[in-house]
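Visitor: I'd like to learn how to read salt bridges and cavities in a model. Could you walk me through an example?

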Amino acid sequence: MESDRAVVERQLGRPPRAFRRVVVRCPFGRPAVTEQAPYDNAGEPFPTTYYLTCRQLVAAVSRIEAAGGVERWTVAVQEDSALRESLERATERQRELRRALAAGQVGRDDGMSLELGIGGAARPERLKCLHAHVAFALAHPSYELGERIVAELEPLWPERCCSSG
């Protein structure tokens, strides 16, 4: 049986950095979202805790981003207090997770990246990467902003596995 790491490498087209484990699988049992360590083996920060690896989802989110989705969702967060509060809670959860995963270790950045928001955002209210928000929402389904972005990804999963060897 092929290892999760090997599947993720094939999905990404390169070896994954700071890979820890798969946290969400597609309906076909393949990795869809992975969890990364806060630092890679060289001590370099890896600020994306949850990484979207499913090719179908990556492509669907890329289409949303290409159509102005980052800006549209940033404005939505500014105008909708429920979305803003959802983002604030998820950002704090992201920071807690990164600190816990680091287990007291700090990399070359002296721990500064442990305080970043989803997708490595220094200013979480200014969205950077919808892929990271979708990955976070799939890993933590109570994240309303991410769930609303996920709702735009219809169909969420392909009819056939997009990650088979």
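Predicted model: local features only at pLDDT ≥ 70, side-chain atom pairs only at ≥ 80, totals over all residues.

Visitor: How many salt bridges does the count come to?

Guide: The total is 14 by the rule used here. Take R25 and D4: their closest N and O atoms are 2.6 Å apart.

Visitor: Is E35 buried or exposed?

Guide: E35 is buried, at 3% relative accessible area, because the cut-off for buried is under 20%. Its side chain meets that of R21 in a salt bridge, 3.0 Å from N to O. Since E35 belongs to strand β2 and R21 to strand β1, the pair ties together parts 14 residues apart in sequence. R21 itself is partly exposed, at 43%.

Visitor: And what about E44 and R108?

Guide: Those side chains form a salt bridge too, at 3.3 Å from N to O. E44 is in the loop between β2 and β3, R108 in the loop between α4 and α5, and they are 64 residues apart. E44 is partly exposed at 33%, while R108 is exposed at 60%.

Visitor: Now the empty space. How is that found?

Guide: A probe the size of a water molecule is rolled over the atoms, and that shows where empty space is left.

Visitor: Which classes make up the lining?

Guide: There are 5 nonpolar, 2 polar and 2 charged residues.

Note on methods. Residues numbered from 1 in each chain as written. Heavy atoms only, no water. Nonpolar A, V, L, I, M, F, W, Y, C, P; charged D, E, K, R; others polar. Salt bridge = Lys/Arg side-chain N within 4 Å of Asp/Glu carboxyl O. Helix = DSSP H or I, 4+ residues; strand = E, 2+ residues; numbered from the N terminus. Buried < 20%, exposed > 50% of the residue type's maximum accessible area, 1.4 Å probe, protein only.
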